[in-house]
Amino acid sequence: MTFWRFVFSFLYVRDWHTGELELSRPRLALFSAALFLLVLAVMLITVLQTPIEYVAVRP
């Protein structure tokens, strides 16, 4: 068992016929979507927390 398979063991499901672990596509899709939403949320938080600087323009 590789390190990545050990860390992401929740992405694998046991095959009914062979008994071996294989990557589950629905679990991988849900994990990817959750990871994308997390990254998007962190990026939005970072952008929305930047200070706004107002500069007075003299005519």
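**Charge, shape and burial**

Tutor: The protein carries 5 positive and 4 negative side chains, and the centres of the two sets are 6 Å apart. Lys and Arg count as positive and Asp and Glu as negative, while His and the chain ends are not counted; each charge is placed at NZ of Lys, CZ of Arg, CG of Asp or CD of Glu. This is a predicted model, in which local features need pLDDT of at least 70 and side-chain atom pairs count only at pLDDT 80 or more, whereas totals for chains, interfaces and linings use all residues. Residues are numbered from 1 along each chain as its sequence is written, and side-chain values use heavy atoms, with hydrogens and water left out.

Student: What pattern does the protein follow along the sequence?

Tutor: The pattern is α-β-β-α, with 2 helices and 2 strands. Helices (H or I, at least four residues) and strands (E, at least two) are DSSP runs, numbered from the N terminus.

Student: Why is Ser-24 called buried?

Tutor: Buried means under 20% relative accessible area, exposed over 50%, and partly exposed in between (1.4 Å probe, protein chains only). Ser-24 has 10%, so it is buried. Ser-24 lies in the loop between strand E2 (21-23) and H2. Of the 59 residues, 3% count as buried.

Student: What makes Arg-27 partly exposed?

Tutor: Its relative accessible area is 39%, and therefore Arg-27 is partly exposed. Arg-27 belongs to helix H2 (residues 25-48).

Student: Which residues does Arg-27 touch, not counting those up to four places away in sequence?

Tutor: Arg-27 touches Phe-10, Leu-11 and Tyr-12, where contact means heavy atoms within 4.5 Å.
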